[in-house]
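Hi,

Here is the structure I promised to send over. Please have a look at it first, and then read on for what I found.

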Amino acid sequence: MRSSLGLSVSVLVLLAVWLLSLSAPELTLAELREAIGREHCLHVEFDTGDELWILLGEHQSWHRDRNGNAAYHDHRRNIHQQWNPQLSFIMEDHLSRTALGPPSSPLDAVGLPQEWLTTPNADLPSGDSPSWTRSTESVEGLRLIRFDFFGQNSLKQRVVKRQLWVDPQTKLPVRVRQRLGDGSYRDGRYSFPQSGPRSLADLGVPANLPVRIISDVQPASEPELARALKKIDEAIGRFPTRYRALIWGEEMQVLYQDGLPQWDESGFYWGPVKLCRLRYDASEVRLWDWFETPQPWSILLNDGQRRVDYNTRENRIRIGPRGRGNSIIPMECFWPIGGTATRLNTPGKNDAGLIGIRFEGVNWRKDCWFDPAHDHIAVEQIDWNVDSDGWCRTEEHRLTDLRQLPGDRWYPAMRITTLHRPGLTDETIVTLFHIQPFQAREHPLAQFDIDRLLQEARKQGATVTTD
């Protein structure tokens with residue numbers, strides 16, 4: 001399911017464009033209010049199976065996708081509910097979302113001048129690359145005004161991000177075409193029914209389901225917790241920002257880190273990797289000589305702005321906005337912070353000198369115990385998810401064999417992970433870490449040049465796709 005928040009916000013922006021068209025100079029404020037009352041509900045149905053409704057006067061929105069997932073947002077009161085067919089309850093949170101401004105001020109939502117529909121052609125944006133254009137087009141016998149909105153993809157090529165067709169007679173949107181994250185498009189058609197959904201049951205959600213409220217409000221009066229979080233942040237800040245990490249789990253991974261940019265190699269051919277692991281301990285520097293021979297078939301390059309997925313075996317590259325892969329990032333393993341934080345009262349752990357903190361999101365949480373004697377590394381962690389039976393453990397992690405880097409920074413050489421899966425026997429995975437900081441004078445990370453990588457890959461006949 002695509003993010004219901006992202007879809008709702010996108011349609012709210014389109015709604016604001018429609019309201020903008022209603023507020024053209026020939027409409028008085030009274031007429032505008034009457035139009036809003038007459039067109040009480042805006043409905044968009046996409047060819048992907050997604051549907052969205054906006055209750056115009058009430059600042060409420062609804063979403064349903066082709067898989068039956070449903071969401072409701074009250075943008076004025078910050079009440080947000082989500083449901084999927086696998087759940088026997090409705091999840092609710094009160095996180096702040098982007099709210100639709102009052103109908104009399106749609107410019108706050110879209111940042112556009114009021115006269116877009118009536119601006120003379122001579123005054124439209126000009127130049128080689130205007131941010132938007134306006135044209136007249138005949139669609140199914142109707143004379144419509146089409147707005148094209150432009151942006152750049154990850155290859156910095158100019159692309160159409162959104163197209164909106166408006167009926168100049170009724171000043172209502174008729175169609176919309178939106179570019180998705182994978183570079184494809186989806187088409188939607190507008191309608192204006194007198195009423196829309198009033199409950200999730202109207203979207204196919206079973207009636208009378210319990211609502212489980214998950215609070216994401218940070219506790220305001222826990223100075224001890226605030227001090228602990230500050231110490232963790234300071235420990236993270238002292239960790240090397242330029243290093244090479246060998247990570248041995250079920251597979252092998254080599255990660256190069258240089259601040260934000262990351263170069264991650266994985267998918268090594270198993271024969272040499274298995275032999276290397278059997279013969280050498282992860283702490284031996286000699287093992288680096290072995291990686292001159294095994295070649296990875298998967299390379300992930302993230303320079304802080306763009307992400308490149310390079311499959312060397314199939315000779316193809318996928319480039320898109322910065323994002324995460326499935327790789328193991330040492331920093332996130334050592335300090336797994338994020339979400340709303342509360343203190344854990346665990347006497348046994350406290351007596352051992354550890355600090356317990358629970359981090360919680362909408363349908364997940366993790367209980368961590370940080371070791372102040374070793375740079376506040378989270379030496380123990382339990383991950384939880386919500387299912388139909390409530391909170392259930394999914395993973396447990398224990399970091400051991402703590403070692404020191406130059407400068408007395410600590411890191412764990414081993415992580416022991418236990419996977420809990422319903423109906424299956426627990427599985428244990430051992431991951432070894434070996435971290436080697438780079439000296440300030442070293443420059444081993446020239447491969448972070450994405451444009452150079454693309455140029456060399458194209459010479460080898462690689463296919464390149466983008467968002």
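This is a predicted model, so local features need pLDDT of at least 70 and side-chain atom pairs count only at pLDDT 80 or more, whereas totals for chains, interfaces and linings use all residues. Residues are numbered from 1 along each chain as its sequence is written, and side-chain values use heavy atoms, with hydrogens and water left out.

Let me start with the sheets. Helices (H or I, at least four residues) and strands (E, at least two) are DSSP runs, numbered from the N terminus. Two strands pair if DSSP finds at least two bridges between them.

Twelve strands make up an open sheet with mixed pairing, in the order S7-S8-S9-S10-S11-S1-S2-S3-S4-S5-S6-S12. Its edges are strand S7 (132–139) and strand S12 (211–213); each has a single partner strand, so one side of each is left without a neighbour in the sheet. Within the sheet, strand S9 (residues 158–167) is antiparallel to strand S10 (residues 172–179), with six bridges between them, and Val166 has Pro173 in S10 as its bridge partner.

Now for the rings. Rings of Phe, Tyr and Trp (its six-membered ring) pair if their centres lie within 6.5 Å; planes under 30 degrees apart count as stacked, over 60 as edge-to-face and the rest as tilted. The structure holds nine aromatic pairs. One of them is Phe239 with Tyr243, edge-to-face at 5.8 Å centre to centre and 80 degrees between the planes; both residues are buried. Phe334 and Phe433 are also edge-to-face, at 5.3 Å and 75 degrees. That pair links distant parts of the chain, 99 residues apart: Phe334 is in helix H6 (residues 330–334) and Phe433 in strand S25. Ring pairs join Phe239, Tyr243, Phe334, Trp335 and Phe433 into a cluster.

Best wishes

Definitions and conventions: Buried < 20%, exposed > 50% of the residue type's maximum accessible area, 1.4 Å probe, protein only.
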